[in-house]
Amino acid sequence: MHHAWMKLVLTIPCLVSGLQAQPAGIERAQPRAIEPPPLASAARKAIDSEFLSDHERRNLRIFHGDWTEADLDTPARRASAALIRGAYNDPSLQDPTIPVEDRAEAMLIRGELAPCLDLLAEVSSIRAARLRAAAHEGLGQFAKAGEALDPLVKRMQQRDATPAELVEGVRGLIIRARVLPQKEPAGGDFNRMLSILTEVHQKRDRLFWPALVAEAELLYEKSNIRQAGEAAIQALSLNPRSAAAWAILGRISVDQFNFDRTEGIAAMLSGLLESEAQPSPLAADIRARAALRQSDPDGADAALEPALARYPLMRRLLALKAAATAIRYNPERTAADLAAFEALSPGSALALFEVGRTLAEARQYEMAAGYLESAAERNPYWAEPATELGLMGLQSGDDASALKFLKRASELDPFNTRVTNSLSLANELTRYKRLETEHFIIRYAEGADEVLAVDMAEPLEAMYRRVTGNGPGGIDHEPPFKTVIDLMPNQRWFAVRIAGVTRIHTVAASTGPTIAMEAPREGPGHKVGSYDWLRVVQHEFTHTVTLSRTRNRIPHWFTEAAAVHLEDSPRDYSTCKLLEGALLNDALLDFGDINIAFVRPKRPTDRQQAYAQGQWMYEFIITQWGNRAPLDLMDQYAAGIREPDAIKAVLDLDQSEFMTRFKDWARRELRKWGMGEWEPSMKQLLKESAGAGGEGKPADPTLDTVLAWLEKHPEHPDIQALAIRLTLESPPHDGIPDESMVPLLERYAKARPVDPLPHKLLTRLYTSRAAGETWPPERAALAVPHLEYLDAREQNSAAYAAELARAYQTLGDLERAAAKAKRACTIAPYDANMRELYATILLQRNDLKGAEHQIVALTKLEPDRAIHAKRLDAIRKRLSDQN
């Protein structure tokens, strides 16, 4: 195994809701070319063995993908090489002198299914049995496919089967699991198949790479992506020209949204054919799937057309063609494509499945269900349609449907990782408690999560009015359903809820009618800890509303842009610096890159930039064309208009003109932020201070030098920032601000209003007090505006909100104090200290009902503390006395 090549195995993509940007890099990363791995030393040693005849050496070079043109000296050898590299139309594969099974294999892949069966009529090998079964399955003749495998099953039970026969047998058993009910517990063949393949490549013949390809196919079918990738890579180390192994890695890259990798693998598959006149059907397959995952039917068709011109009967390509038509939202053309497929393969479920899966991916749940159910009815023993229906039920909030189909999928295939995880979740959700409001259904696990669930009801309804309303930035649309909020108790269950896997790297996600969120608490099982759940859910609910308004037909960047815009929170400084770096270094994402950056970034900062830049572009649209323009674009998308045409129709610009105008506007915005390019630049100032003719690096400027610069350029924010840093570093400050710095800090806060530094320093100055010392009201009043600035931008800590509550307490403004204590509990709802602070302020306001609610929460968060029960009894007595 070549460890560098193990890096090809990819991880699950992240679904990110938050917006925590980092500074941008200077240059955009370029996708790396895919190179084949070196041939394993063991295979090389076998080929070079002195005991081989020339005839044997040629055959072995072909088997291990190490041939030269001189080795292909017979039709049979040329045909073997053609099958390995995916050249299924090579003339050698129609030569009557080559093995019948090789000719039949090529016919099967090309889609010539009936001729394939005719050719194999008198052939009794185990490979022929597998080929016959595959041909019958492709024609939708599932019972005949099962019957064709009977000789294969019998041969598998004999002890003298060769490695090649065992691998063919496993490939046949994979088909059998799709077309027949299993005599043993359904899907029970999996362990047997895996053990056979392991025995072949670990004991019988460690160089027999077809066993590893079959293992990769089997594991991929079970959603075991990592091990499937490892097996495919190991196969490539034994045959770098194996098109089948490359194709599996291509499918994995599509599933992982790694479209650069997909293109690299597609190019590799095309390169294996050594001729541009021979389009690779396997390359076309993965390119089309990548385009479909990006809702790009034009790209899918462009990938498929050359291959279909050469392979007009290939079922997998025809099924993808129908799927590409389906996401153009033209039911008549979709029906025509499906009818054409049906004419070739009456009874086959493949095209229906691909159409349904593609529509489900595009969140066209109702349309998808019909196709997937039809596929499941046609082939009731194939687990994939039931799996997709079950997963779709979870995503769409149809729990009954999810449970029904996931149970069926698990019965058919109990070894599928996603099915197992998702079924466990569906069963778990049936035990959750429900809290229903006018527009939401909140589901939560019994226990401490009830504290947050009860708190959520009122702010969710206020959020609903903001997002669905027609105020500035509002979507002016109400979904025709109640939105389900699933409060998942930990990161593991949240990840399963969203992706069917147990690991994912975000805290909330919307799938349309359902929003899932991880409980915002600290401790084991929680990666993020506390966070502003209301801001996060407002972001996700905006997705729900924009998806509803557009019938789920909205570009990824645009729905994210609307969601960030409607968080109703100012940009943080790191986001501003990220945008500044992207604009000044000509690294803004174009319309193609910005969609991909959310799911498969090329640089570490691309995902953050996609969120930030998208919202900046959205703000630009509102600023230049008014609040209605984004909504008009959404209506265009709802009508099925593609993005370039929609932008032209609403904004009267093409995408290139849009980006040009956007950049001009963005530079002016940078100036308002006190960012961008200022004259003179710091580099110029440093050069001037070094003196004419100076050599080497200029010495760091002194505080006196910088203050002199500030005299000449009083509005220059970079000079002001440097003056603050040098002042803090000089005695007697030693990093601590004092009153003498207030004018400079306030001046910089105005010059660069997006930088939190002066507000942090002034907050430190005005909130500093010894333990137990009373906070002077005049100092609290000075601290408030700076604490408000910082709190407005804080997403993960309740510290600023709690300090504001104390400041307003000190000032006697208990109404504002209560509002800030409430916000502290929104960010850290499981923090007993925040609850106690809020309860104290409510008691000071004589809001006994509100205080009672907080102390009830405390009894659930800290059930072992008797003091909470005593306080609750005291408050209830006071409430009783009032009545």
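Q: Let's start with tyrosine 789. What sits over the ring of tyrosine 789?
A: That would be the charged end of arginine 793, which is 3.6 Å from the centre of the ring. Keep in mind as we go that this is a predicted model.

Q: Got it. And what lies over the face of tyrosine 329?
A: There you'll find arginine 553, at 3.6 Å from the ring centre.

Q: Now rings with rings. How many aromatic pairs are there?
A: The count comes to 22 aromatic pairs. Take tryptophan 616 and tryptophan 673: their ring centres are 5.3 Å apart and their planes are at 25°, so this pair is stacked.

Q: Is tryptophan 616 buried or exposed? And what about tryptophan 673, buried or exposed?
A: Tryptophan 616 is buried, with a relative accessible area of 0%. Tryptophan 673 is buried as well, and its value is 8%.

Q: Which residues form one aromatic cluster?
A: Trp616 and Trp673 belong to it, along with Trp557, Phe558, Phe591, Tyr618, Phe620, Trp625, Tyr637, Phe658, Phe662 and Trp665.

Q: Switching to charges. How many salt bridges does a search of the whole structure find?
A: It finds 66 salt bridges. In one of them, glutamate 361 pairs with arginine 293, and their closest N and O atoms are 2.7 Å apart.

Q: Which residues do salt bridges that share partners join into one network?
A: The network is made up of Arg58, Arg61, Asp71, Asp73 and Arg77. Within it, aspartate 73 forms a salt bridge with arginine 77, with 2.8 Å between the closest N and O atoms. Aspartate 73 is partly exposed, with a relative accessible area of 41%, but arginine 77 is buried at 8%.

Q: What does arginine 176 form a salt bridge with?
A: Its partner is aspartate 189, and the closest N and O atoms are 2.9 Å apart. Here arginine 176 is in helix α9 (residues 163-179) and aspartate 189 is in helix α10 (residues 189-204), so to speak 13 residues apart. Arginine 176 counts as buried at 11% relative accessibility, and aspartate 189 counts as buried at 4%.

Q: Last topic: helices. How do α39 and α40 cross?
A: Two packed helices are described by the angle between their axes and the distance between the axes. For helix α39 (residues 777-793) and helix α40 (residues 799-810), the axes come within 9 Å and cross at roughly 150°.

Q: Are α39 and α40 roughly parallel or antiparallel to each other?
A: Roughly antiparallel. The crossing in which α39 passes α40 is left-handed.

Methods: Residues numbered from 1 in each chain as written. Predicted model: local features only at pLDDT ≥ 70, side-chain atom pairs only at ≥ 80, totals over all residues. Heavy atoms only, no water. Phe/Tyr/Trp six-rings, centres within 6.5 Å; stacked < 30°, edge-to-face > 60°. Buried < 20%, exposed > 50% of the residue type's maximum accessible area, 1.4 Å probe, protein only. Lys NZ or Arg CZ within 6 Å of the ring centre and 35° of its normal. Salt bridge = Lys/Arg side-chain N within 4 Å of Asp/Glu carboxyl O. Helix = DSSP H or I, 4+ residues; strand = E, 2+ residues; numbered from the N terminus. Axes fitted to C-alpha atoms, helices over the stretch in contact; angles between N-to-C directions. Parallel < 35°, antiparallel > 145°, perpendicular 65-115°, else oblique. Left-handed = near helix turned anticlockwise from the far one by under 90°.
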